[in-house]
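I looked up salt bridges, a pocket, a strand and a helix residue.

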Amino acid sequence: MAAKRTAMSTVLASAVLLCVAVGTAAPDVPRGPGPAGAGVTARTDTGLVRGVRTGAHTHYRGIPYAGPPEGAHRWAAPRPVRPWKGVRGATKPGPLCAQVASSYADAPSLEEDCLVLDVTARARPAARRPAPVLVWIHGDGTVGGGSFFDARRLADRGLVVVTVNYRLGVFGGFGYPGLKGSGTFALLDQQAALKWVRRNAGAFGGDPGNVTVAGSSFGAAAISGHLTSPGARGLFHRAVLASGEGMMDMPAGAMGEGVPAYPYYIWRSAREVRAAGVELTSSLGCAGPDPRRALRCLRALPVRELLAVPHIMNAFQAFAHGTEVLPELPEKALRAGRFARVPVLTGATRDEHRLFVGAAHDAVGSPFTAAQYERALATAFGRRAAAVRARYPVTDFPSPALAWATVVTDRMWARGTYAQAVAFGRHAPTYAYEFADRDAPMYLPFPGDFDFGAYHAADTPYVFEDAAAQRHFTPAQLRLADTMTGHWAHFARTGTPNRPGLPRWPRFDPDRAVPHTQSLAPDAVGPVDYAREHQLDFWHRLARPDAVPQPRPTEGKEPVS
């Protein structure tokens, strides 16, 4: 028994280290608008709400979609909203879910009564028929909120856009023996929001029969879970996954020195999550032989006391499978085609991992060295390190940091992204992309200089307006934003990103020698050989059991810029 406790302690420590790295770098929190104008009202199934009309848009903010998950309802499935009398104000953002401030989202919160959403739409719809609905699930999983995202650009394309708060970190992913829903409360919140949309979209001019769920990073990973979840069936009709980790594994050290390898980046077994909860209970003085008594103790703790535990939000960032919400490991279900057969738009950025390496090293005054590169290769790839070094010699790159970022981008992000496109493409209409603007504005406050390239989540401000990024956009980048928003909107409307006036975007066909991936760059939108660009043949060979390939250095290599 002692050995099992030690093993589970290691699992918890690994989760903490992994998710600190993830949380430290997720940049998808652009600020939304601050509307002030004429009042407008809509009737939801729980009462009237008063929003605001500002120019061409209507905004309803802070509408509750589930009851407060506090007290005995902390770590329970979301419950119905109590109807209200009169007209409820919906002109200001609702409370953010409990979270700790970070360097990229200085918005701490102690609120648990936070399950709210915002709705943005055209003030005067161009068509009389109901508009397509896009539901946005924000990323990170430990910070942020739906109100951070300015959806006016998408609303201008005729969509009704819903941005959602959900429980974060330990409040959304906690598990414990005997606790129903362990490791899945965030997913349950998101499904409750989708059910609210099904009931109420019509009140805001939206079509409940045409709902697209979209998300970036952690939000996209959640969507890959919803695609396999019995509870989400029929709640959406299309899906957009930007930089999703649903089919990604993690080599040792990829997310930071000391972080061990793990076969699934975002998924943990219910057993692991419950064991992590036991570890937490001991540290908070709530341990005991009776799980019900321990849970009562934990639910009685103030939010502030829970947030004071180091790394607690990150330790419960992953989603639990082997549960009622996720009966099967989503990665396995996706590979086998056991998912909702809806049209999918899926992709990633060209230089995903530069953000993580830069944020931990060069951009904060601690340059990643050639010696660290050697150690990182040895840690991640063991006896195969020499083959990777020959394929990615440090002298081919402007810095060791860019060499390591490229290795992890190709091995971890691109390999997982491509596997996801293949899995979707075998069973559903699938459109793949790579965001490739290597001059995308960096809107996070890093003190040092670093070439972030087309970094993780750099594409978000091209779809959701963000003042910090937008003021740095060139005319060509503004045109790219217009093109990308047009593709997204038409996909939400019809299930294909193709319409007259936009670049042609063929479907991703896994049976083709080079399946189509759409490269999205300023004034350069068109096909890219994604597998060749990221040297996936090399990585597939390297992954074979007992294979130590001796790569031909020029084979399939792209010039480094």
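I started with Asp-118, which forms a salt bridge with Arg-61, the closest N and O atoms being 3.2 Å apart. By salt bridge I mean a side-chain nitrogen of Lys or Arg within 4 Å of a carboxyl oxygen of Asp or Glu. The pair links distant parts of the chain, with Asp-118 in strand E5 and Arg-61 in strand E3, 57 residues apart. Helices (H or I, at least four residues) and strands (E, at least two) are DSSP runs, numbered from the N terminus. Both Asp-118 and Arg-61 are buried. Here buried means under 20% relative accessible area, exposed over 50%, and partly exposed in between (1.4 Å probe, protein chains only).

Notes on the source: this is a predicted model, in which local features need pLDDT of at least 70 and side-chain atom pairs count only at pLDDT 80 or more, while totals for chains, interfaces and linings use all residues. Residues are numbered from 1 along each chain as its sequence is written, and side-chain values use heavy atoms, with hydrogens and water left out.

Next I looked up Arg-74 and Glu-112, whose side chains meet in a salt bridge at 2.9 Å, N to O. This pair also links distant parts of the chain: Arg-74 lies in the loop between E3 and strand E4 (87–89), Glu-112 in the loop between E4 and E5, 38 residues apart. Arg-74 counts as buried because its relative accessibility is 3%. Glu-112 has 10% relative accessibility, so I list Glu-112 as buried.

Then I took Asp-290 and Arg-292, a salt bridge with the closest N and O atoms 3.8 Å apart. Asp-290 counts as partly exposed, because its relative accessibility is 29%. Arg-292 is exposed, with a relative accessible area of 63%. I also found one network, in which salt bridges that share partners join Asp-351, Arg-354, Arg-438 and Asp-451. My search of the whole structure finds 18 salt bridges.

A pocket is an open set of points on a 1 Å grid over the protein atoms alone, where a 1.4 Å probe fits, with protein on both sides within 12 Å along at least five of seven lines; lining residues have an atom within 4 Å of a point. Of its 25 lining residues, the closest to the centre are Arg-122, Pro-125, Ala-131, Val-160 and Gly-205. Strands E1 (38–44), E3 (57–64) and E5 (116–122) are the elements that give two or more residues to this lining.

Strand entry. I asked how many residues of strand E9 (residues 238–242) are buried. The result is five of five. Arg-238, Val-240 and Ala-242 point one way from E9, and Ala-239 and Leu-241 the other way. Strand E8 (residues 206–216) runs parallel to E9, joined by five bridges, and Val-213 has Ala-239 in E9 as its bridge partner. E9 is also joined to strand E12 (residues 344–349) by four bridges, again parallel. In E12, Thr-346 stands opposite Leu-241.

Last entry. Ala-192 is in helix H4 (residues 185–200) and is buried, with a relative accessible area of 13%. Ala-192 and Leu-235 are 43 residues apart in sequence and 9.7 Å apart in space, C-alpha to C-alpha.

Methods:
Two strands pair if DSSP finds at least two bridges between them.
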